[in-house]
Structures are given as C-alpha cells and as structure tokens.
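Let's read a structure together, one feature at a time. Have the sequence and the 3D view ready.

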Amino acid sequence: MSRAGARVGIGTHFRYDGETVEVVEMAATTAGNEVVLRDGLGRLLRVSVRELLFSDRAVIIPDEPGPAADDVEEIASVVLGQLDEVERHKILDRAEHVREVLTGFRSGTPQRARDGEPRPEYAPTLPLEARHEAKAAELGVTARTVRRWVAQFRDHGEAGLAPKKGTARKPQVTAEDRWVETALEVMVEHTGESKPSRTMVIERTRARVIARFGPEVVPQPSRATAFRLLEELERRHPLFRLSTKRNRDIADRPEGVYGKLRPTRPGEYLLMDSTRLDVFAFDPFTLRWVQAELSVGMDWYTRCITGIRITPVSTKAVDVSAVLYQSFRPRRAGADWPRDAVWPEHGIPRSVLVDVESLEGPGLVSPPLVPETLVVDHGKVYVSEHLTSVCRRMGISIQPARLRTGRDKGPVERYFRTLREGLLQALPGYKGPDIHSRGESPEDDAFFFLDELEAIIWEWTATVYHRRPHASLVDPGLPGLRMSPAAMFEHGMARAGYIEAPRDRDLGFEFLKTVWRTIQPYGVEIGRRRYNGSALNDYRNIKSPYTDSPVKDGWPFQVDPDDITRIYFRDPADRSWHSLLWEHAPSASMPLSEDALTFARKLAAAKYRFPDDRLAVADLLERWNVGLGTTLPERRMALRLSREQAAIELPQTEEETVVSLPSVRKALGQSAEREEPAEPVLTAAPEMGDDDEADLEDGGDDDFYTDALEDV
C-alpha cells in the first residue's frame, strides 16, 4: 500500500526556491526546530522546519511512490459519484468478498464477525493463494481476476473496484485548423447582422480559405463534416440556434471573472432606468391610445422602488428628476391600502419602534431615502446638465453603466420583467413583449388612463412586490433565507444603524426646470399664461439682481411641465419658496400639463371665434366630464367577468390578484368595500355640436349610455 506521508530527516530532499537541496543536519533551538540544507554547489542554508514544511518556497521530494495531486486517476469521491445504485451495491458486495479473502471476515475485522465466520476455506491460517482459488470457485471467475481485485482494493479501496469510466464525449470532428479558424471568424463577423444560414457561412468560409491560402492548400471538409463543425463552433460562438438579440448579448459578455457592486446599506446605490410598457394606455390630454414609458428608481440593497413615473410616448429629463425627487419626498399611499403595504412617514420600519401607535399617521408608498450614488445608462435624459448639476450640489455621484450592457442594472431589469409577468399581462390592453407575442387588436381592450395605470403599478409594487420574497435578497449569514424588499429594508436598517433622510423638504424644487421671465405689474407670463402672487409685491418695480440672466431683467422661476397651474418663486430676501397661481387655475379641478393646454387651445380655436385660455380649459374639462375618454363597454365586460370569477371558489391566480387591487377595481367601476357595487347614475353634461344633436335625434348614443352599466 502506498503512503501519503514522507519521512523528513537527514537525507531528505526538497525543492527550495527552484533548487534541489538536501537536509544535512537538524537542530533544536530556543526559536524552534531548524534544519541545515545543502544545495548542489555545497552551499549551506539554515531555515526553520516550519518554513520548510508550510512555505510556498519549499516542496518535498518523496523517495517512495505514493499518491500525489497531479495523478492521472480521479479521486475516490469522483469515481464513486459516477455509479448508480445498482453499480454501487455490486462494488460494495465485491469489496466484502475481497476483505473475506484478505482477513477471513467480510467486514474486515473480527470484532464485527458474522455468523459462521471465518469460513474454513477462508481461514487466516491458509495460504493467500488457496483463498484466491476458493473465492474464484465460489464466484465463478478465474483466480487471476480475484488477484486483480485484491491488488486494486489494496491500492485504492472500494474506488479501485469500480469500472473505469471516462468523460462521455462525442467523437471530435477532425478538420484542418485553418479552416476551423476561418469559419469561426466568419461567424463572429455576423454577430451584429441578421441571422445567416449555415450554407452561406460554409460557402464564405471556403471562399475565404481559398483566397487567403490558395487553392488546394487547405483541405476542404465535406458538406456533412462542415455542418458538424459548425455545430461544435456554435458552443463557442452562438449564431444559428438562439435569437440574434440573445447572440449579441452572449458575444458582449466580458471575459474572465464577472465583477459586481455589492451594496452594504439602504440608499448606497439607486438604480434608475426607463422602459416601454407592454400595455396600451389612454391619454386624457389628447384622447388617444398611446404607448406608455415607465421610469423607476430602485434602491439596490433592498430592491425597494422609490419612484415611479409613467409618461406618454417618451421620457423627458423632467420625468427623471421627478422620479429622483420621489426618493426625497415619497407619494402618499391610498386610503384603502392594506396597513402592511404603507410605510411610516418617518421611514423607520415599525418593527424597530417601541410604540407604533404613537407615531402612526398618513402613510407613504415607499421609504424616504437620499441616494449616495445613481447608476444610470447613457440616455440624454439621465446625463443632462441640470440633473448632473443638482446631484453634484447634493453630494450624489452618478455612475453611468457600460454601453449596451443591461446586466449592469440587472435588478431593475428584473423588476420590469416581474411587473410584466405579475401585473401587466393581466390588464386589458396587454400587447406582449415583442411582435410575436402581440394579440390581434390589443388597442380595442385598452381603457386605463395614464394616471390610473401609474396608480395601479404603485399599488401592486407596494402590496405585492415589496412583500414577496426575492431569490436574490439573502443574508450572507443565512444563505437559505429569502427576504422581501420590505424585510430587507428592516435588515439594512438594523445592520447600518441609520438611514439617510432629506435634510430639507424644499430641496425638491431644485429638480424642476428653471424659466427666466420679467416681473410685470400683472405678474409673470410664461407660455401666454399669467401667474401672480403676493410674493412678487416687493419686486415688481425693481431691477433684477441677476445681471447675467438670459432675459433682460429676468428672474428665475421653477416650472413643473406636468402641472402648469402654478410656478414657484424663491424670495431673494429670506431664500424661501412661494407658489404663484395661474389666473385660470380655479377653472381646473386637477393638475394641467403643457400638452393638455396645447390640446385645449386647439379644440377651442376650432370651435370658437375668439377663444381664450379660460374658455379652452373649461371646454376641455367639460369634454372629460362627459366621458369621451372612457370606453364603457370594455369596463362593463371586465366587471361582468370579474364578478363571474368571484362566484366560484378557486385558487387565486395572478390575474385575480391584480383585479383585486383597489386601484384596478376603482378604474373598473367596482366598489372597494362591497362585492356588489351600487348601480351608477350616468349624468352626461350637455355639449353643443351638430354631431351630438344628430345622435340624440337618432337615439343611438343616448340609448347606449343610458343602459351601459345596467348589468352591473
């Protein structure tokens, strides 16, 4: 039997710093055991035994054969791990026979002898060769086979008796290396192009090989062999089997070990990204079906969503600023939201408070956080001068992700997929992630307004996403424990001991767009809209201190394009912020955007000879109240379908979870408190127009809207 150990003493050889040395003397000193080494030139070196045995500079040279790490044979666990249950029992039984030949006992020791052991033909007093012959006769094999088993068992134990198995490999297709390298080169060139056929790649490879090396220099494989070669090269560079988008993603993978940012506390990294939603929405401003874009902010450590913004068609820089502002000042939660989905205003989790009821109040949709670093892509809306300047002033660093590398913002990309699979596909108007998943006419089912869709996404995020355990949210100390974003926030709070909270509530005004205008006796005029307020009284007839403003005697005003009913002015005297109201703001019962006012002016210009903003806004609100932007037949069918599903006791599905959200039920016309909503009374505001009068005379639209919700 070989030995794993080697004797260290006088005469033992070592490889020390690349040279062969011999131990010529061993001595015990007060500092420990030491040895004297002699190299091939006769030079002596004194080192400690500890350095000789445990330092990377020295390697022992054994005098006898034995096991080593560079042996060709696999280790015992690998050999035994490849056996199935039948083979394992066969090897264990064979090992018992070998132990009986060697010791006379199947267990290998007299202390665990079985009944009748040792048998006479295997008595330890008999010669070993006689025992070999007896075992061969018993098992029906030759004595040579038994001797081979005994030798294998002595060298490797049970693993030596296992059948020799190699790695299951398909026979390699032999071909000229130059042809294979050229084929791989052609495949790499098609990474960013449309998917080619295998025949075209083979033909281009053959033509390039002839042009590069000459005719009949490199042997050309047959067509079948070339196809098999491309199948093997597909593993190195995918081109034919997967989609072109997936192939480009695989080709862009970094080589070597993947790096990763590892957040250690809430608020350390804030991921921001935008994506086009896979569902149509209805724009109440233009009364058209539109594509909706979603912009979100996500805390990397907790995966909590800190800001959500839905915009029609495309995202602007002001929308990104609004998402970042929501991390400073989160939105208010709905009154009918469950208690466990609402965050306290102070942002401290309830689990770490002593007296919860004393601090309870109106809840928030997410915890307030001040991010330390923003991880964004290279879109213009994310690297605008205004956003970068504000982040620099507030001490927030911006870290752009690599170009066309979605994995740098992997958690937020995964949130988009979870949102699509958990919520959007259960909503009307869902059109799928690509053209192959698109329905016949998803626009016919879409009826959610943009603000309704944003409220639904916020509520689903707070009630479902923040409370559902995530596979990627783990504690290194408890790798088997899966936590939800809300639980991870509590964990991070307890781990860090603090959270970063906004130091001033008015810092959010710095994220808004600045417009320079003069202060007139009647107020400030922006986009043919006049704003006024008492904060301007001291500055109506004085010269502006901003001498370098783009407008002569101009003053800075902060404007929110999504709410033009008011602007914000900062008093130079005490540096406090004040709101200036639009003169026609009382006519608007809701925030009015720049796009909505433009649309209202266009409608009023087509209807009235001398329109003004007040008349345009009033007419637009009248159209909204009539319900022209509401598709009642779709809502009636959705109500009927949801009521039929509720009448049957079945396990709750993802779609039923979405339908049960208060925001969805409210948009569908269902009451959040009662199972059977009261029958609504439709009151249509009169609108003077030839088309409406003709419809009323025919009894068409009037009869339809009269019994539109009769089933409900």
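This is a predicted model: local features need pLDDT of at least 70, side-chain atom pairs count only at pLDDT 80 or more; totals for chains, interfaces and linings use all residues.

Q: How many bridges join strand S3 to S4?
A: Strand S3 (residues 32–38) and S4 run antiparallel and are joined by 5 bridges. To find one of them in the view, go to arginine 38, whose bridge partner in S4 is leucine 44.

Q: Now the salt bridges. How many does the structure hold?
A: There are 28 salt bridges in the structure. A pair counts when a side-chain nitrogen of Lys or Arg lies within 4 Å of a carboxyl oxygen of Asp or Glu.

Q: What parts of the chain does the pair of arginine 119 and glutamate 100 tie together?
A: Arginine 119 sits in the loop between helix H3 (85–103) and helix H4 (128–139), while glutamate 100 belongs to helix H3, so the pair ties together parts 19 residues apart in sequence.

Q: Are these residues buried or exposed: glutamate 100, arginine 106 and arginine 119?
A: The cut-offs to keep in mind are under 20% relative accessible area for buried and over 50% for exposed, with partly exposed in between. Glutamate 100 is buried at 1%, and arginine 106 is buried too, at 16%. Arginine 119, at 26%, counts as partly exposed.

Q: Which helices hold arginine 208 and glutamate 185?
A: Arginine 208 and glutamate 185 form a salt bridge with closest N and O atoms 3.1 Å apart. Arginine 208 is in helix H8 (residues 198–213) and glutamate 185 in helix H7 (residues 177–189), so to speak a link between distant parts of the chain, 23 residues apart. Arginine 208 is partly exposed, with 23% relative accessible area, and glutamate 185 is partly exposed as well, with 30%.

Q: Which residues do salt bridges that share partners join into one network?
A: The network consists of Asp93, Glu96, Glu100, Arg106, Arg114, Arg119, Glu121, Lys135 and Glu138.

Q: Which residues form the nonpolar patch on the surface?
A: Look for Val8, Leu53, Phe54 and Ile60, which together have about 360 Å² of accessible area. Phenylalanine 54 is in helix H1 (residues 49–54) and is exposed, with a relative accessible area of 66%.

Q: Let's finish with the backbone. Where is the cis peptide bond?
A: The cis bond joins glutamate 117 and proline 118, with omega about -5°. Proline 118 lies in the loop between H3 and H4.

Q: What is the phi of arginine 528, and what is that of arginine 575?
A: Arginine 528 has a positive phi, near 60°, in a residue other than glycine. Arginine 528 lies in the loop between strand S12 (524–526) and strand S13 (529–532) and is exposed, at 60%. Arginine 575, not a glycine either, has a positive phi of about 60°. Its place is the loop between strand S15 (566–570) and strand S16 (577–582), and arginine 575 is partly exposed, at 42%.

Definitions and conventions: Residues are numbered from 1 along each chain as its sequence is written. Side-chain values use heavy atoms; hydrogens and water are left out. Two strands pair if DSSP finds at least two bridges between them. Helices (H or I, at least four residues) and strands (E, at least two) are DSSP runs, numbered from the N terminus. Buried means under 20% relative accessible area, exposed over 50%, partly exposed in between (1.4 Å probe, protein chains only). Patches are made of residues with over 30% relative accessible area and no salt bridge: like charges are joined within 9 Å, nonpolar side chains (Val, Leu, Ile, Met, Phe, Trp, Tyr) within 5 Å. Accessible areas come from the Shrake-Rupley method with a 1.4 Å probe; for residues, only the protein chains shown count as cover.
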